[in-house]
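Dear colleague,

I am handing over a structure that I would like you to look through when you have a moment. My notes on what was found come after it.

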Amino acid sequence: MKNFTSVEDINDLQSMIKKALEIKANPLAEPNKGNGKTIGLVFLNSSLRTRLSSQIAAQNLGLNVLMLNAAQEAWNLEYNDGVVMDGGTVEHIKDAIEVLNQYCDIIAVRCFAGMKSKEDDTTESILSQFEKHAKVPVVSLESATRHPLQSFADCITITENWKQEKKPKVVLTWAPHVKPIAHAVANSFTEWMQALDVDLVIANPEGYDLDPNFVKDTPIVHNQDEALKDADFIYVKNWSSFEDYATMPEVKEDWLLSLEKLKPTNDAKVMHCLPVRRNLELSDEVMDSEHSIIYQQAKNRIFSAQTVFSEILNELK
Amino acid sequence: MKNFTSVEDINDLQSMIKKALEIKANPLAEPNKGNGKTIGLVFLNSSLRTRLSSQIAAQNLGLNVLMLNAAQEAWNLEYNDGVVMDGGTVEHIKDAIEVLNQYCDIIAVRCFAGMKSKEDDTTESILSQFEKHAKVPVVSLESATRHPLQSFADCITITENWKQEKKPKVVLTWAPHVKPIAHAVANSFTEWMQALDVDLVIANPEGYDLDPNFVKDTPIVHNQDEALKDADFIYVKNWSSFEDYATMPEVKEDWLLSLEKLKPTNDAKVMHCLPVRRNLELSDEVMDSEHSIIYQQAKNRIFSAQTVFSEILNELK
Amino acid sequence: MKNFTSVEDINDLQSMIKKALEIKANPLAEPNKGNGKTIGLVFLNSSLRTRLSSQIAAQNLGLNVLMLNAAQEAWNLEYNDGVVMDGGTVEHIKDAIEVLNQYCDIIAVRCFAGMKSKEDDTTESILSQFEKHAKVPVVSLESATRHPLQSFADCITITENWKQEKKPKVVLTWAPHVKPIAHAVANSFTEWMQALDVDLVIANPEGYDLDPNFVKDTPIVHNQDEALKDADFIYVKNWSSFEDYATMPEVKEDWLLSLEKLKPTNDAKVMHCLPVRRNLELSDEVMDSEHSIIYQQAKNRIFSAQTVFSEILNELK
């Protein structure tokens with residue numbers, strides 16, 4: 001594996017999941033694999049799970065870890081090429097990346113969508129600079145349009161929780177929020193579920209259909225009750241409008257998941273990437289019920305990261 | 001030892017002090033004791049000594065260390081149960097703790113008093129959530145009402161500096177300040193001195209008596225000169241009113257410790273937990289005199305933490 | 001080596017450069033040299049290269065590393081002696097240093113010029129406190145008047161790029177900026193080039209002459225074109241007025257380096273310490289040309305730091 005920024009970087013998802021479960025069973029099996037090598041974990045945005053799970057994963061492999069809260073600890077970054085930097089930005093992102101090339105064997109970066117320009121976000125205005133200028137492998141710790149380490153952890157979690165022969169029915173359902181939220185988790189979950197080959201349905205209100213480039217032929221249902229029927233897994237996530245970018249068209253129906261709404265499901269497992277705004281995105285009664293496999297998802301973030309770092313190290317040797 | 005949040009978590013203080021002094025004599029005697037285990041050091045507030053000494057202590061034992069400046073690096077936390085999170089908070093503290101459970105073998109947390117609600121602070125509104133939701137040992141790095149790693153270091157420091165058979169006279173004296181300061185250090189020092197079995201006196205102005213649940217039968221003296229007479233150790237600390245919570249009743253006398261005030265003492269050693277506001281809480285002439293054992297206290301923070309982590313690791317094995 | 005704050009701390013520059021190049025050839029040759037020892041990397045200001053390269057250097061030697069973003073993570077520091085600390089400062093710098101003495105075997109600190117008082121900056125009001133109060137070796141990670149780890153890396157870089165018998169002509173040229181910038185990099189480069197024994201010329205507009213205590217007998221030229229003629233190395237850096245301290249006297253000529261301006265040079269290599277404001281301090285066409293050895297400078301920051309830490313460890317053993 002060279003880079004890891006989307007499901008496209010995986011050759012064989014089933015085999016990657018198998019490796020991740022082996023790592024989970026014995027996370028310290030290769031404690032010196034990364035010795036003498038350095039991973040830079042660069043955060044342009046907040047993080048709890050990604051920050052900690054990536055560190056643990058790297059430490060489990062014996063990698064040196066450099067943490068960089070770029071915005072607070074380093075310099076205000078310029079993202080536009082060719083400009084005269086006579087304003088508030090002090091260092092061009094491409095120079096920062098060239099320096100990271102000198103210091104790191106792997107660069108991992110978190111760079112959220114700006115939620116201002118549809119074009120900037122859909123073209124991955126920040127991550128694309130890392131892909132262009134990095135001379136070492138790049139790992140996405142969530143970018144404008146994808147959160148692949150989360151989605152890989154979700155695949156691991158669903159695999160652990162599904163022992164039947166038939167494909168599970170997986171519903172990605174929109175949830176309410178108070179401000180416009182990015183599409184990264186929803187997009188990414190969609191493309192990884194397509195690769196996992198489950199029966200995927202996306203449920204969201206009118207006006208909230210995801211980018212067709214991610215949806216492809218996955219059915220979109222605008223009635224939540226209809227979508228949830230017979231569901232085996234329900235993935236809860238808010239996102240803002242893609243079409244009328246980063247707006248929040250009015251929603252009249254109640255999309256907050258409740259135990260009542262789970263009744264017509266197949267005793268569904270409920271998933272969320274966290275952080276979750278309780279009783280806005282997801283009710284306490286569901287969060288704290290046995291339906292939830294949310295903390296197991298969080299734990300699996302270690303093993304998705306460790307599997308990816310391990311695969312990258314295989315090719316660095 | 002399961003948790004470490006107060007002196008109650010110690011079975012035998014003398015034996016713990018003895019262990020701490022052994023660790024101080026040879027801090028790298030067990031460099032692999034924590035191998036393969038992870039401690040999360042979670043800071044909800046500022047820290048210098050606690051941050052550095054806890055890291056050193058953990059590294060001396062071979063623990064993996066995760067540092068988390070929760071407020072700046074992760075998400076704005078909600079502390080109230082059952083609320084609809086449609087405001088400025090993004091993640092509930094109990095979900096953050098459940099995630100830390102997945103990633104850490106020990107969770108250490110600093111969570112100061114809010115100094116707004118007496119009830120919130122005396123009931124440890126934040127630490128209690130860690131005690132309730134954590135599934136791994138919890139270590140307090142200072143909470144609303146206690147600072148046990150500091151107090152344990154204070155016990156070590158007094159033990160190092162007292163070679164006589166009789167009990168030393170220890171005076172905890174209030175000092176001036178410009179804003180309302182929490183009771184944690186004063187409360188905690190009181191309960192650890194009670195356990196250490198010294199002759200403890202608390203000196204503070206009228207209106208500044210500490211919480212009776214901590215004071216118990218320790219004498220409170222409202223005249224500083226009277227209290228300091230024949231003192232062997234003087235612990236200087238400001239705190240605000242407990243009764244009229246977090247206010248600062250007017251004080252007419254001069255409570256700033258000077259060399260003159262030390263004359264009637266038994267050549268007393270002067271202690272402070274740091275940070276100290278010089279010439280407000282404690283005069284330069286005392287801070288920089290041979291009376292001060294303040295930096296020795298700071299150094300002993302390493303060994304109080306290392307002893308506690310080591311004891312916890314004994315039970316994790 | 002005891003401290004490392006200027007070129008004065010080096011006995012034999014050529015031998016230090018030789019050691020640095022040996023370390024660069026085999027950075028992991030002494031992975032246990034620093035075992036059981038702790039370096040505190042204290043940042044009072046922003047940093048990218050220094051933060052990461054110092055960490056890597058320390059890790060390559062097996063040192064324990066404590067990172068401290070003092071301003072954000074610890075307490076607001078007081079720098080004036082004898083004051084009553086009844087304002088916004090919470091801890092005196094000398095107490096913070098005394099605590100670092102307890103915790104660290106080496107203290108490294110970044111403390112920029114305040115750019116308000118010429119006297120405070122030229123007397124190194126912050127670094128001098130570290131030099132005065134530290135009981136362990138002090139390493140400057142850039143101070144008010146010098147950036148010695150950068151300058152040492154610059155010496156390494158020039159050595160790598162110069163294979164002729166004759167001395168290279170090195171031009172330190174002023175560049176435009178939008179705000180008053182400190183003199184540390186320019187001063188420091190000047191004194192290290194004097195020690196390296198190159199043909200050094202300083203080019204800057206009228207009103208921008210550096211501190212004569214650093215310039216000594218190095219020629220200053222106020223015409224950039226004249227200075228650049230036959231240059232082998234061009235070091236680009238902005239600085240504000242020293243004489244009329246921290247002001248920006250008007251400059252009518254165009255001092256932005258272009259490929260056109262490089263024509264009369266000896267196919268000069270172009271250097272910059274980074275971060276660089278592109279197209280203000282240095283044009284894209286030069287930055288991205290084969291003239292630039294800027295990223296090589298950045299890489300050599302690892303080896304300048306590792307050489308210095310290694311020398312200090314020799315005397316700590």
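This is a predicted model: local features need pLDDT of at least 70, side-chain atom pairs count only at pLDDT 80 or more; totals for chains, interfaces and linings use all residues.

Arrangement of the chains

Chain B is superposed on chain A by a rotation of 120° with 0.0 Å of shift along its axis, and the RMSD of that superposition is 0.0 Å. The two copies are therefore related as by a three-fold rotation axis. Within chain B, the C-alpha nearest to that axis belongs to Q72(B), at 5.3 Å from it. Chain C can likewise be laid on chain A, by a turn of 120° and a shift of 0.0 Å along the axis, with an RMSD of 0.0 Å. In chain C, the C-alpha nearest the axis is that of Q72(C), which lies 5.2 Å away from it. As for the contact residues of chain C, 3% of them recur in chain A, and the copies use different surfaces. For chain B, only 4% of the interface residues are also interface residues in chain A, so these copies, too, meet through different surfaces.

Chain A as a whole

The secondary structure of chain A comes to 13 helices and 11 strands, and its C-alpha trace spans about 55 × 50 × 35 Å along the principal axes. Buried residues account for 65% of the 317 residues in chain A. If one takes the contacts in chain A between residues at least 6 apart in sequence, 78% of them join residues at least 24 apart.

The accessible surface of chain A comes to about 11700 Å², and 46% of that area belongs to carbon and sulfur atoms. With regard to charge, chain A carries 32 positive and 47 negative side chains, with the centres of the two sets lying 5 Å apart.

Two residues to look at

How accessible is E191(C), and does it count as buried or exposed? This residue, E191(C), has its place in helix α8 (residues 184-196) of chain C, and because its relative accessibility is 7%, it counts as buried. Leaving aside residues up to four places away in sequence, E191(C) touches S6(C), V7(C), R146(C) and F214(C).

K19(B), found in helix α1 (residues 13-25) of chain B, has a relative accessibility of 32% and so counts as partly exposed. Its C-alpha atom is separated by 9.8 Å from that of Q306(B), although K19(B) and Q306(B) are 287 residues apart along the chain. When residues up to four places away in sequence are not counted, K19(B) touches T307(B) and E311(B).

Key:
Residues are numbered from 1 along each chain as its sequence is written. Chains are lettered from A and ligands numbered from 1 in the order in which they are written. Side-chain values use heavy atoms; hydrogens and water are left out. Copies are superposed by least squares on the C-alpha atoms of residues with pLDDT of at least 70 in both. Contact means heavy atoms within 4.5 Å. Helices (H or I, at least four residues) and strands (E, at least two) are DSSP runs, numbered from the N terminus. Buried means under 20% relative accessible area, exposed over 50%, partly exposed in between (1.4 Å probe, protein chains only). Accessible areas come from the Shrake-Rupley method with a 1.4 Å probe; for residues, only the protein chains shown count as cover. Lys and Arg count as positive and Asp and Glu as negative; His and the chain ends are not counted. The place of a charge is taken as NZ of Lys, CZ of Arg, CG of Asp or CD of Glu.
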